[in-house]
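Please look through the structure shown here, with attention to its overall dimensions, its helix packing and its backbone geometry. The briefing below takes these topics in turn.

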Amino acid sequence: MKNQNPSQKIAVIGLGYVGLPLALALAKHFPVIGFDVSSARITALGVFEDATNEVEPDELRETSMIFSDQVDDIMACDTFIVTVPTPVDDDNTPNLGAVLSACQTVGSVMKPGAVVVFESTVYPGVTEDVCGPALAAASGLVCGEDFYLGYSPERVNPGDREHTIERITKVVAGQNPVVTKKLLDMYGAVTSGNVFEAKDIKTAEAAKVIENAQRDINIAFINEISMIFNKAGISTKDVLEAANTKWNFLNFTPGLVGGHCIGVDPFYLAHLSRELGHDPEIILAGRRINDGMASFITKSICSNFDEGPKHILVLGLTFKENVPDLRNSKVADLISCLQNAGHRISVHDAFADKDEAKAEYGIELLSDLGLDQAADCVVGAVGHEIYRAFDAATLSALVTPNGVVADLKGIWSDIELGSGLKRWNL
Ligand SMILES: NC(=O)c1ccc[n+]([C@@H]2O[C@H](COP(=O)([O-])OP(=O)(O)OC[C@H]3O[C@@H](n4cnc5c(N)ncnc54)[C@H](O)[C@@H]3O)[C@@H](O)[C@H]2O)c1
């Protein structure tokens with residue numbers, strides 16, 4: 001372990017997509033305990049298995065960090081970094097249950113002088129106005145006098161091996177200059193990118209939530225023009241290729257917006273907006289358009305069919321390519337819409353866990369692609385590498401000679417289809 005600073009002992013609370021890579025990176029420089037409420041997760045990490053596929057078994061084998069589901073194990077820590085989920089409820093209001101439960105855990109063990117940093121995505125004010133009081137109540141300590149708050153938004157991008165925690169610019173903000181300096185040093189030890197000091201905690205919280213809301217709105221615009229151009233009989237892909245030749249045209253593509261970040265975080269911003277008496281228009285319009293894509297795609301695909309139920313093979317269920325993450329998958333919405341339209345659906349995913357797909361969506365994933373059983377329509381829903389790598393023969397074998405190839409991600413644009421096949425692109 002290089003540059004280890006034994007005077008600082010860090011607990012990372014929540015070892016998911018965000019917490020695990022962060023904890024492992026920190027453990028190269030500081031003593032770190034990774035804490036998670038899920039005993040199953042801790043057991044799996046103990047045998048060097050990471051279900052998120054974000055880290056290699058060797059990284060788990062070689063790390064000095066300790067994994068634990070026991071609160072007592074984090075008692076000796078002085079710095080706590082909270083990386084627990086921040087989902088929305090069914091009515092799209094923020095659910096801070098995991099964050100508050102983490103505050104309860106940390107508050108029950110922290111000692112005077114502790115620093116508690118939040119990395120979970122929230123709306124501005126959650127760290128100081130919600131978590132600070134919760135930590136104070138759980139610990140009996142005074143916020144800003146006995147313990148201190150910090151915020152550092154997380155930018156990890158699952159499946160992305162380039163923009164890793166050790167390379168990207170990390171934004172930090174502390175409750176006072178001493179805490180900010182501590183965060184600059186701590187994150188500075190981990191990343192070879194910059195550490196940017198935001199003006200204050202609310203600014204850092206706001207920066208994160210608008211990063212994802214901005215992406216959501218930009219994708220919504222492209223989704224809307226895709227709806228228009230579909231009606232006009234113009235290829236959105238060809239239009240974007242032409243428009244992208246302008247230096248300041250923003251390069252977004254149409255698609256389903258799932259996952260637990262881009263499709264969720266705008267609701268956190270909208271919640272704050274409403275609390276403040278401002279009716280958020282563009283933020284929620286973007287959400288509505290993106291959440292309506294499953295229905296639009298269903299109608300468009302079905303417009304290529306003649307009468308009667310069809311067999312449709314959907315390739316990909318995860319919320320993005322080359323990751324096993326099934327949370328908030330909008331492909332599941334698309335499958336429901338297609339089923340409601342009376343069709344029989346088979347689903348294959350090269351990365352997803354079969355049991356999780358069954359438990360989460362009631363979807364029975366195919367074990368392999370039955371090339372002997374061609375469907376009336378094949379839908380390229382997620383751009384997993386294995387589907388991208390199809391050649392004309394492999395793709396044609398999956399669909400009947402007069403069938404439909406629905407390519408949502410533009411992954412088969414270069415494949416010349418047999419004369420009887422119809423192609424539909426988003
Ligand atoms: N995954 C991403 O791409 C990404 C990117 C940027 C920001 N974020 C944000 O980071 C946060 C974490 O996201 P994630 O994707 O890592 O979530 P995740 O679901 O992958 O992991 C969260 C982990 O926290 C654990 N946990 C839940 N409640 C806990 C508690 N009270 N105490 C201890 N552990 C607890 C869970 O068991 C799980 O292992 C969220 O706010 C998310 O919006 C995620």
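Predicted model: local features only at pLDDT ≥ 70, side-chain atom pairs only at ≥ 80, totals over all residues.

The protein contains 15 helices and 13 strands, and its C-alpha trace spans about 70 × 50 × 40 Å along the principal axes. A compact globule of 426 residues would have a radius of gyration near 22 Å, and the value of 24 Å for the protein agrees with this.

**Overall fold**

- Of the 426 residues in the protein, 44% are buried.
- When contacts between residues at least 6 apart in sequence are considered, 72% of them join residues at least 24 apart.

**Packing of α4 against α5**

- Two packed helices are described by the angle between their axes and the distance between the axes.
- Helix α4 (residues 97-109) packs on helix α5 (residues 126-139) at an angle of about 40 degrees, the axes being 8 Å apart, and this angle makes α4 oblique to α5.
- The crossing of these two helices, α4 and α5, is right-handed, and the contact is formed by V99, L100, C103, Q104, V106, G107 and S108 from α4 together with C131, A134, L135, A137, A138 and S139 from α5.
- By class, the residues in the contact of α4 with α5 are nine nonpolar, four polar and no charged.

**Helix α7 and its two partners**

- The axes of helix α7 (residues 201-232) and helix α10 (residues 282-291) come within 8 Å and cross at roughly 55 degrees, which makes α7 oblique to α10.
- The crossing of α7 and α10 is left-handed; on the α7 side the contact involves A213, D216, I217, I219, A220, N223 and E224, and on the α10 side I282, I283, G286, R287, I289 and N290.
- Seven nonpolar, three polar and three charged residues make up the contact of α7 with α10.
- Helix α9 (residues 265-275) also packs with α7, at an angle of about 110 degrees and with the axes 8 Å apart, and the two helices α7 and α9 are therefore roughly perpendicular to each other.
- The crossing of α7 and α9 is left-handed, with V209, I210, N212, A213 and D216 of α7 meeting D265, P266, Y268 and L269 of α9.
- The contact of α7 with α9 divides into six nonpolar, one polar and two charged residues.
- A213 and D216 of α7 are listed in the contact with α10 and also in the contact with α9.

- In helix α12 (residues 330-340), the buried residues are K330, V331, A332, D333, L334, I335 and L338.
- Among the elements that cover these buried residues of α12 are α11 (293-302), β9 (311-315), β10 (344-348) and α13 (354-361).
- G342, which follows α12, has a positive phi near 100 degrees.

- Most residues other than glycine have a negative phi.
- N92, although not a glycine, has a positive phi of about 65 degrees, and its place is in the loop between β4 (79-82) and α4.
- With 17 other C-beta atoms within 10 Å, N92 is partly exposed.
- N322 is likewise a residue other than glycine with a positive phi, near 60 degrees, and it lies in the loop between β9 and α12.
- N322 is partly exposed, having 18 other C-beta atoms within 10 Å.

Notes
Residues numbered from 1 in each chain as written. Axes fitted to C-alpha atoms, helices over the stretch in contact; angles between N-to-C directions. Helix = DSSP H or I, 4+ residues; strand = E, 2+ residues; numbered from the N terminus. Parallel < 35°, antiparallel > 145°, perpendicular 65-115°, else oblique. Left-handed = near helix turned anticlockwise from the far one by under 90°. Contact = placed C-beta atoms within 7 Å. Nonpolar A, V, L, I, M, F, W, Y, C, P; charged D, E, K, R; others polar. Rg over C-alpha atoms; globule rule 2.2 N^0.38 Å. Buried ≥ 20, exposed ≤ 12 C-beta atoms within 10 Å, placed from the backbone.
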